[in-house]
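This briefing is meant to be read beside the sequence and the 3D view. Please have both open before going through the points below.

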Amino acid sequence: MAATMLRTSTQSGIAAKSGRKEAVSVRAVAQPQRQAGAASGFAASSGAAARRSVVAQATAVATPAAKPAAKTSQYELFTLTTWLLKEEMKGTIDGELATVISSVSLACKQIASLVNRAGISNLTGVAGNQNVQGEDQKKLDVVSNEVFKNCLASCGRTGVIASEEEDQPVAVEETYSGNYIVVFDPLDGSSNIDAGISVGSIFGIYEPSEECPIDAMDDPQKMMEQCVMNVCQPGSRLKCAGYCLYSSSTVMVLTIGNGVFGFTLDPMVGEFVLTHPNVQIPEVGKIYSFNEGNYGLWDDSVKAYMDSLKDPKKWDGKPYSARYIGSLVGDFHRTLLYGGIYGYPGDAKNKNGKLRLLYECAPMSFIAEQAGGAGSTGTERVLDVNPEKVHQRVPLFIGSKKEVEYLESFTKKH
Ligand code: FDP
């Protein structure tokens, strides 16, 4: 493997797209060169032409194999790697995106193991720092962020990363090719860690925006503006979104725009195995998942909606059930499988609620829509919101289509 390069530069700048002043910094992270397909074994390709030709060749020789084949042996495993290769053969994704997804899955495996052993490896409790949003970082927040960054840098196909735990987007230097933009929350729901309750990682992957190529390494300020602009894309442009749930089992759920697929980590083999092909969220579901402690701070439309869910007269004597873990990934995963609605409204203290658009609401909404559900801010589709800043918050109502529509029948009136 070629030598690892590390350069660091910091500069203040202005996010040109939004016209808003934002202190920004570019930090290049260590990047092994030409570590083609290291995480996954995917074929390296150096440019668009090469990429097209690899896909074309694969399609020419292997299209029939892309169809789900019946198992030929009880020991056959349909893993995430197999699934990615088949999608690459079909031309749904290129080898570079497959490599990025594979490196995310590697990060998730590593985090799953850290979460599992947190109590015995002194990884519970706070790290002693706050993130840019003023939240106390847990030790595992910091470690998980490091794990994500390392995996994404070493796959050689990531141009920029933006994380809940980083003040600003980070440019990955010396990327081999691909330049994908990855946004992520490395450990969501981390206030649950010390109690051993479900947590998760959330990620979204974008292509670099054509208006702001990220190769101007010599001018750090321009470089930073380009990074911010690349990261601040609406969710409708996501190429891939997913999450990994660390719970009684470790489950990775993702979409590349052709449905939603879930893979469970087989700890004996160390691979994610396809367990939830083509997940469809029930159209309706009588479970709501809101932090009702904030009821008194909600506006009247959300209060009226909540009151209606709990009114037995409206629902033939059976009101909705409440379920709230306080971990978005856990609450969303249950909603995806059982139906219902998850909500984090704005309130009198925080008019945009708590959840972050780029690395929480948009990826989850892409998954919800791909599973036949919906994601709304209460007044508009989450995927249509144009981010103005990296850590922007929006209200989120997500889940079964009819349930989100019912919520909107209250919130859109006001
Ligand atoms: P956490 O602060 O523990 O990381 O966005 C973060 C999040 O958890 C979500 O996972 C969770 O749904 C929400 O915050 C919980 O917030 P409340 O404690 O305000 O309900």
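In this predicted model, Arg 381 counts as partly exposed because its relative accessibility is 33%. Arg 381 forms a salt bridge with Glu 369, and the closest N and O atoms of the pair are 2.7 Å apart. Glu 369 belongs to helix H8 (residues 357-370) while Arg 381 sits in the loop between strand E18 (374-376) and strand E19 (396-399), so the pair ties together parts that are twelve residues apart in sequence. Glu 369 is partly exposed as well, with a relative accessible area of 27%.

**Other salt bridges**
- The count of salt bridges comes to 13, and Glu 164, Arg 356 and Glu 360 are linked in a network of them.
- Glu 408 forms a salt bridge with Lys 412, with the closest N and O atoms 3.8 Å apart; Glu 408 counts as buried at 15% relative accessibility, whereas Lys 412, at 47%, counts as partly exposed.

**Helix H7**
- Nine of the eleven residues of helix H7 (residues 328-338) are buried, so the helix is largely enclosed by the rest of the structure.
- Within H7, Arg 334 forms a salt bridge with Asp 331, the closest N and O atoms being 3.1 Å apart, and these two residues are separated by about one helical turn because they are three residues apart in the helix.
- Arg 334 counts as buried at 14% relative accessibility, and Asp 331 counts as buried at 0%.

**Strand E10**
- Eight of the eight residues of strand E10 (residues 199-206) are buried, so the strand is largely enclosed by the rest of the structure.
- Strand E9 (residues 180-188) runs antiparallel to E10 and is joined to it by six bridges, while seven bridges join E10 to strand E11 (residues 240-246), also antiparallel.

Key
Residues numbered from 1 in each chain as written. Predicted model: local features only at pLDDT ≥ 70, side-chain atom pairs only at ≥ 80, totals over all residues. Heavy atoms only, no water. Buried < 20%, exposed > 50% of the residue type's maximum accessible area, 1.4 Å probe, protein only. Helix = DSSP H or I, 4+ residues; strand = E, 2+ residues; numbered from the N terminus. Pairing = 2+ DSSP bridges. Salt bridge = Lys/Arg side-chain N within 4 Å of Asp/Glu carboxyl O.
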